[in-house]
Amino acid sequence: MAVHNADIAAIFEKIADLLEIEDANPFRVRAYRNAARLVQGLTHDLKAMVEAGEDLTELPGIGEDLAKKIIEMVTTGHCSFLEKLEKQTPPALTELLKVPGLGPKRVKALWHELDVETVPQLARAAREGRIRTIPGFAEKTEARILEALQAQLAAVPRFQLAIAAQYAASLVRYLEGVPEVRRVVVAGSFRRGKDTVGDLDVLATATAASPVMARFITYDEVAEVLSQGPTRATVILRAKLQVDLRVVADASYGAALHYFTGSKSHNIAIRRLGQAMGLKINEYGVFRGKERIAGETEESVYAAVGLPYIEPELRENRGEIEAARAGRLPHLVELGDLRGDLHAHSKASDGHHTWREMATAAKARGFEYLAVTEHSRHLTVAHGLDPMRLRRQMDEIDALNAELEGITLLKGIEVDILVDGSLDLPDAVLRDLDLVVGAVHSHFDLPRDKQTARILKAMDSPHFTILAHPSGRLIGSREPMDVDMPRIIRQARSRGCFLEVNAQPERLDLQDIYAQMAKEEGVLLAISSDAHRIQDFDNLRFGMQQARRGWLEKKDVLNTRSLPELRHLIAGTMGR
DNA sequence: GCCGTTTTCGGCCCGACTGTTTTCAGTCG
């Protein structure tokens, strides 16, 4: 049975939940949670590592015991320790932990006092007024549980980064207008550029006299105030997006920004470093005894523990602290490094602007080149091009290039990868293009081996240049295809072709850890807008953040190259 | 359960807010 890293992470989380309900040593619980997070973010397959005989205890947070459990899981497909725990403690209890307001202590009390083991049982107990009879619970708690269960029914998924960005922008403008407010910044997973955010963590610096907190909870988009104190408040916007506001004095800006940006795991690691140096780090600053020695800027916080500044996108405790200590932090690629865009559409297929308009907009962003990559004929809903229309477009592009100054349109196609792995257009026409972007747009649910083989075969085409949106996921609506991504990455290396980080907010595909894996394998990535209208070039900022989360540097990105360099690199893949 | 320019044992990040417990535990981030 195939055991993936995600399966192992899920089992460690489950063990941590059950141990916590059993009131186990909290540090033991944390060890399992740390391990789960580590495994989730690993760029290497644990099964492959075990098969290769690698020493898992080299991984930070994995000791003898957890290594043994991982080996058991990848070789037998199950975890005997979890099975033992599930005999002692009903496994469904871990579902109760997901109800906001219920932690391990309360879940245990509900189980012992009322025999509540499942969410439906919890709902019934709340409706029947039995919860208030448990010591430590009262009517208000019971009411909140009922409310939370109702809210869970109308489950709010995480928000796409780009959507959260819209709510963030107007809230920030509003708060900046409040008297005595100095700075407002959105921290949290938003600042780290995660593909989705669960809530917005907003930091403001203000004087004690500022009415910022009162203004915040009366913001006209606020639907509900969950909690409110002098320095912190939590609200739900009408859009169902939760927003936490934290207010500190301006002198604490850096420490608070660091604390509020997270990730939690990164913060813990930094605080431990501080602790080892006799320092205490909190959101107000870095302290030696009572004396504050840093905290006005994030740089000062890192400097206090002997580290250089670490970019927010790297702060996942996936090796960035070790890299910082060793002076090996990547110099992350930036939006300004892009010299062009290698995936875009026009009215000719399913876009909304002409190539003249697209080229003008691209040039205005400082781009030297823009690839013309319409859909191919198989994608009829998108008015995909057949060979004849493509030939005609190639002539039009030649004519347009003769007119345009300061930008070059590259002749390309986003060709469908058919279910058997063949490409939707004949070699005779593909060979005359500057580049061929291949993409899957159908049959997303093939079994893993077939799906992988299909894509590998497509990449075998001598004209194949870039694999677009490699996982095929649509955030919130379509899961990634079940494919062997490490194998696809190795195929890209051996064929000398490239993978895409698609910047459309619902795609952001490749995902960060695979982008990092590609970098480690020496495969260049294209950060592409997949623009269907001129405004879509703005999405590149989200693709850029995803790429930065994958530790990509300028040298790792195909479209940071000048046009001659780009042509040279592509020539290595075309016409073999 | 992990880990060591404090340590192979004894530590393990830190603070805000809520509700209910009259002084703090539980939860959350």
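This is a predicted model: local features need pLDDT of at least 70, side-chain atom pairs count only at pLDDT 80 or more; totals for chains, interfaces and linings use all residues.
Student: OK. What is the strand order in the open sheet of seven strands?
Tutor: The order is β11-β12-β13-β14-β15-β16-β17. The pairing is parallel.

Student: Which strands stand at the edges there?
Tutor: β11 (340-341) and β17 (525-528). Each has a single partner strand, so one side of each is left without a neighbour in the sheet.

Student: Let's go inside that sheet. How many bridges join β13 to β14?
Tutor: Five. β13 covers residues 408-416, β14 covers residues 435-439, and the two run parallel.

Student: And what is the bridge partner of I413 in β14?
Tutor: V436 is the bridge partner of I413.

Student: Now the open sheet of three strands. Parallel or antiparallel pairing?
Tutor: Antiparallel, in the order β8-β9-β10. The edges are β8 (280-282) and β10 (291-294). Each of these has a single partner strand, so one side of each lacks a neighbour in the sheet.

Student: By how much are neighbouring strands turned against each other in it?
Tutor: By 35° on average, direction ignored.

Student: What joins β9 to β10?
Tutor: Three bridges, with β9 spanning residues 285-288. The two strands run antiparallel. V286 in this region stands opposite A294 in β10.

Student: New topic: charge. Which residues gather in the positive patch on the surface?
Tutor: R30, R37, K264 and R272.

Student: Which elements supply them?
Tutor: α2 (26-40) and α14 (264-276) each supply at least two residues of the patch. R30, for one, is found in helix α2.

Student: What about G262 to S263, cis or trans?
Tutor: That peptide bond is cis, with omega near -5°. S263 sits in the loop between α13 (253-261) and α14.

Student: And D509 to L510, cis or trans?
Tutor: The D509 to L510 bond is cis, with omega near 15°.

Student: Where does L510 lie?
Tutor: In the loop between β16 (498-502) and α22 (512-521).

Note on methods. Residues are numbered from 1 along each chain as its sequence is written. Chains are lettered from A and ligands numbered from 1 in the order in which they are written. Side-chain values use heavy atoms; hydrogens and water are left out. Two strands pair if DSSP finds at least two bridges between them. Helices (H or I, at least four residues) and strands (E, at least two) are DSSP runs, numbered from the N terminus. Axes are lines fitted to C-alpha atoms, for helices over the stretch in contact, and angles run from 0 to 180 degrees between N-to-C directions. Patches are made of residues with over 30% relative accessible area and no salt bridge: like charges are joined within 9 Å, nonpolar side chains (Val, Leu, Ile, Met, Phe, Trp, Tyr) within 5 Å. Accessible areas come from the Shrake-Rupley method with a 1.4 Å probe; for residues, only the protein chains shown count as cover. A salt bridge is a side-chain nitrogen of Lys or Arg within 4 Å of a carboxyl oxygen of Asp or Glu. Lys and Arg count as positive and Asp and Glu as negative; His and the chain ends are not counted. The place of a charge is taken as NZ of Lys, CZ of Arg, CG of Asp or CD of Glu.
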